[in-house]
Amino acid sequence: MAYILQTTLTLGFVYALVALALFISYRILDIADLTTDGCYVLGMAVSVAFAYQGHPFLGIFLAIISGGLAGFVTAFLQTRLGVPSILAGIVTNTGLYTVNLMAMGWTSNIALLKKETLFTLFHNLGIGGNWSDFILVSCITLLSMLFVRWFLSTRLGLSIRATGDNRDMVRASSINPRFTITVGLVLANCFTGLCGALVGQMQKSADINAGTGIVVIGLACLIIGETIINGKKTITRNIVAVLIGNIVYRFIYAIILQTRILPIDFLKLITALIVALAIAAPTIKENAQLYNRARKEMK
Amino acid sequence: MLKIENISKSFNPGTVNETKALRGLNLNVNDGDFITILGSNGAGKSTLFNAISGNFFVDEGRIILDDQNITFMPDYKRAKWIGRLFQDPLKGTAPHMTIEENLALAYLRAGQSKTFSRISKKDEEFFCEKLKMLDMGLEDRMHTQVGTLSGGQRQALTLLMATIVPPKILLLDEHTAALDPQAADKVLSLTKKIVEENHTTCLMITHNIHQGLQTGNRSLFMADGNIILDLQEEERKTITMEEVLEKFKAGAHKDLDNDRILLSE
């Protein structure tokens with residue numbers, strides 16, 4: 001039981017980074033950034049490939065940078081070349097498949113058997129014993145959350161928030177929305193890259209298909225969190241909701257995995273259903289109310 | 001200070017939907033002018049404002065602001081000197097951000113804030129001071145989301161945001177038309193006060209001919225993408241409504257289908 005709790009919390013914290021990235025792109029900038037899947041694998045591939053060569057730290061660092069670059073490509077496509085934002089993400093994502101294979105040395109998976117990773121190095125320091133992975137991951141995630149909270153209250157952060165809220169007003173304030181969109185997407189994909197990098201070294205492997213559906217899971221977590229932390233929507237509460245959502249999602253995942261009330265293969269379908277229902281909820285509620293009123297009136 | 005030389009703009013050129021929104025328009029605005037612009041729908045009033053603020057680049061001609069040619073400068077760069085208010089009070093503010101955050105963004109035009117600086121106590125006091133001027137009690141609601149304010153309050157806030165760093169020129173595109181009469185009066189008197197205090201050069205579109213002739217020091221009448229009547233200070237005081245209509249018809253080279261399009265109250 002302790003083991004399940006530990007795994008659940010660790011995964012909840014580490015995947016909160018993807019949800020944090022989606023919080024920036026989807027909630028703040030109001031852009032559905034579909035680079036996420038490929039970007040996650042890119043981070044994983046770069047980090048594991050470097051760890052394989054004996055450079056785990058450099059791997060994590062470069063994974064963040066390459067995630068940011070992927071975000072930059074998506075941003076460039078939509079702000080400078082007029083590609084619609086969803087399409088821009090899909091195009092980058094498709095291209096990334098080849099880039100990811102290249103990063104992994106043209107194999108579809110790498111295993112880090114008996115290689116040093118960030119996690120083994122931290123474990124050897126003797127902090128936290130069995131919980132060392134969790135401690136390391138939670139520190140990184142909490143620091144990232146603090147950073148995002150701070151960043152969004154700076155002048156640049158305010159401009160990015162306004163870009164998703166009222167783009168005309170951003171122009172009227174003499175800020176170039178192309179610039180703010182680019183900064184936002186680069187930052188978001190840095191976090192996605194970091195998440196892939198950490199998961200790769202923690203699980204000691206990288207797989208070319210590891211990213212399938214990551215964006216939907218991230219959105220599900222974001223929405224679960226927002227539903228749990230309801231009430232006044234402040235930036236702080238929204239960022240905390242990102243983490244809560246992830247932990248809750250991972251608990252559901254663990255329960256299904258343990259009890260086998262559902263075959264585990266169903267999980268992606270269920271995740272998709274959660275996301276679709278959560279996003280559709282306001283519309284369904286409205287329609288239901290209208291239908292009920294109409295039925296009463298027409299009697 | 002603002003010189004517009006022979007600007008033209010067509011939309012959908014080469015198609016059946018081609019519209020020539022501006023046809024070789026010339027305008028010379030002097031420093032401190034408060035110009036009202038009148039004309040029926042489709043006369044090109046808003047298109048003229050779009051051309052000045054850079055929503056699009058003109059097909060022909062040039063626009064010069066204080067001896068600087070801004071014809072090909074993108075809109076967000078021009079926004080440093082050009083403030084603009086729209087008819088829609090929702091257009092000028094970010095609804096999910098607080099009053100304070102909106103003002104902080106507008107104040108970026110001053111170019112003094114550092115990229116990673118946060119809103120300081122000093123900024124807060126400065127914004128509070130400015131909000132008091134509106135006399136709407138907004139200074140006590142600095143941390144309220146702008147989306148919860150009324151249309152009149154939002155438009156007053158937009159006015160403050162557009163002028164918190166005094167622009168060289170202020171464009172008012174029927175900015176009181178969507179407000180209730182009381183709020184409209186309030187916003188209009190605030191506009192006059194702020195414009196007077198800063199000696200801001202100002203262009204205002206209105207559909208109310210009485211307001212148009214009483215406000216400011218010069219009135220322009222537009223039709224078919226050009227200025228057809230330009231009334232200066234003294235002329236505006238002595239001219240009768242009949243004479244305006246007569247001159248307007250002569251300028252437009254056609255009978256107006258309906259005087260109401262010009263004379264709406």
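Biologist: I am new to this structure. In which order do the four strands of the open sheet in chain B stand?

Modeller: The order is β2-β1-β4-β5 in chain B, and the pairing is antiparallel. Keep in mind that this is a predicted model. In general, strands of a sheet pair through backbone hydrogen bonds, either parallel or antiparallel.

Biologist: Which strands stand at the edges?

Modeller: Those are β2 (19-29) and β5 (68-69) of chain B; each has a single partner strand, so one side of each is left without a neighbour in the sheet. Helix α1 (residues 45-53) of chain B packs on the sheet and touches β1, β2 and β4 of chain B. The direction of α1 makes about 115° with that of β1(B).

Biologist: How many bridges join β1 to β4 in chain B?

Modeller: Five bridges join β1 (residues 2-11) to β4 (residues 60-65), and the two strands run antiparallel. For one pair you can look up, S8(B) has E60(B) in β4(B) as its bridge partner.

Biologist: Which salt bridge does R62(B) form?

Modeller: R62(B) pairs with E5(B), with the closest N and O atoms 2.9 Å apart. This pair links distant parts of the chain, since R62(B) is in strand β4 and E5(B) in strand β1 of chain B, 57 residues apart. R62(B) is partly exposed at 41% relative accessible area, and E5(B) is partly exposed at 24%.

Biologist: Where do D75(B) and R171(A) lie?

Modeller: D75(B) lies in helix α2 (residues 75-78) of chain B and R171(A) in helix α8 (residues 167-172) of chain A, so the pair joins two chains. Their side chains meet in a salt bridge of 3.5 Å, N to O. The structure holds 12 salt bridges over all chains.

Biologist: Is D75(B) buried or exposed?

Modeller: Buried means under 20% relative accessible area. D75(B) has 18%, so D75(B) is buried, whereas R171(A), at 26%, counts as partly exposed.

Biologist: What does T74(A) touch, not counting residues up to four places away in sequence?

Modeller: T74(A) touches D33(A), T35(A), A88(A), G89(A), T92(A) and L185(A). This residue sits in helix α3 of chain A and is buried, at 0% relative accessibility. The C-alpha atoms of T74(A) and V186(A) are separated by 8.8 Å, although the two are 112 residues apart along the chain.

Biologist: Which residues form a nonpolar patch on the surface?

Modeller: L58(A), F61(A), I65(A) and L69(A) do, with about 380 Å² of accessible area together. L58(A) is found in helix α3 (residues 56-79) of chain A and is partly exposed, with a relative accessible area of 39%.

Definitions and conventions:
Residues numbered from 1 in each chain as written. Chains lettered and ligands numbered in written order. Predicted model: local features only at pLDDT ≥ 70, side-chain atom pairs only at ≥ 80, totals over all residues. Heavy atoms only, no water. Patch = residues over 30% accessible without salt bridge, like charges linked within 9 Å, V, L, I, M, F, W, Y side chains within 5 Å. Areas by Shrake-Rupley, 256 points an atom, 1.4 Å probe, with all protein chains shown as cover. Salt bridge = Lys/Arg side-chain N within 4 Å of Asp/Glu carboxyl O. Buried < 20%, exposed > 50% of the residue type's maximum accessible area, 1.4 Å probe, protein only. Pairing = 2+ DSSP bridges. Contact = heavy atoms within 4.5 Å. Axes fitted to C-alpha atoms, helices over the stretch in contact; angles between N-to-C directions.
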